[in-house]
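Open the structure in your viewer and keep the selection tool at hand. Each stop below tells you what to pick and what is there.

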Amino acid sequence: MPLLRLALAQVNPTVGDLPGNAELVLAQAKAAAAYDAHLLAMPEMVLTGYPVEDLALRRSFVEASRRAVHELAASLDAAGVGDLPVVVGYLDGTPEAQPALGIPRGAPQNCAAVLHRGQVVARYAKHHLPNYGVFDEFRHFVPGGDLTVLTVGGADVALAICEDIWQEGGPVSAARDAGAGLLLVINGSPYERNKDDARLELVRRRAA
């Protein structure tokens, strides 16, 4: 059985502060590497802060986020921690999508990037978009539809983002069908007392 040491970084990014949030990721990567982690998971939309609300509809901000994630990959490598795969939440988009009723301008997406050896080596877009409580994601994003699986230390790791694990089907079922050994889910949820109890029961059902 593969041995996989995960580093899970709980940080407090600032909405819109791309350089500052990138520094948070870099600091966490250095700490994770010092503990010989095999994979670092940063939170959902950590690079842009979360929730970004209508900033997602600004093409300039989407492009700045896309540039920032590539620059971050290069910075991690330059800092000597490029060999550590890092999963980073960020804002991306599908600008080639044709404008249509019900599709947010620029077709922005809530994404996760896998950074390794100075490159963005994989990308995943959130499938299920919540539209309740503090979330307006159905208004701001378009859903993804593909599964992303990376191999780390001999383990096949599938990616998902927050709401993806709360819904039946979608990437959870796809990860099962792909034979992934681990489902890594990055989140950007508001703090809530006793939420761990609800999450534990949920992930037990999903694991089964």
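Select Phe 61 and show what surrounds its ring. Leaving out residues up to four places away in sequence, Phe 61 touches Gly 16, Leu 18, Thr 48, Val 52, Leu 55 and Leu 91; contact here means heavy atoms within 4.5 Å. Phe 61 sits in helix H2. Helices (H or I, at least four residues) and strands (E, at least two) are DSSP runs, numbered from the N terminus. Phe 61 is buried, at 10% relative accessible area. Buried means under 20%, exposed over 50%, and partly exposed in between, with a 1.4 Å probe and protein chains only. Now draw a C-alpha to C-alpha line from Phe 61 to Gly 16: 8.5 Å in space, 45 residues in sequence.

This is a predicted model: local features need pLDDT of at least 70, side-chain atom pairs count only at pLDDT 80 or more, and totals for chains, interfaces and linings use all residues. Numbering runs from 1 along each chain as its sequence is written, and side-chain values use heavy atoms, with hydrogens and water left out.

Next, select Asp 92. It belongs to strand E3, residues 86-93. Is Asp 92 buried or exposed? Asp 92 is buried, with a relative accessible area of 6%. Its side chain makes a polar contact with the side chain of Tyr 90, at 2.6 Å. Such a contact is a pair of N or O atoms within 3.5 Å; within protein, one must be able to donate a hydrogen and the other to accept it, and residues adjacent in sequence count only if both atoms are side-chain atoms. Beyond four places in sequence, Asp 92 touches Val 62, Arg 66, Pro 108, Gln 109, Cys 111 and Arg 123.

Move to the largest nonpolar core, which has 39 residues. A nonpolar core is a set of buried Ala, Val, Leu, Ile, Met, Phe, Trp, Tyr and Cys residues joined through side-chain atoms within 4.5 Å. Select Leu 40, Met 42, Leu 47, Val 86, Val 88 and Leu 115, the members that touch the most others. Helix H1 (18-34), helix H2 (59-78), E3 and strand E4 (108-116) each give two or more residues to this core. H2 gives the most, with eight.

Zoom in on Leu 115. Setting aside neighbours within four places in sequence, Leu 115 contacts Val 69, Leu 72, Ala 73, Leu 76, Leu 84, Pro 85, Val 86, Val 88 and Val 120. Apart from this core lies another, of 19 residues, including Leu 39, Val 157, Leu 159 and Ile 165.
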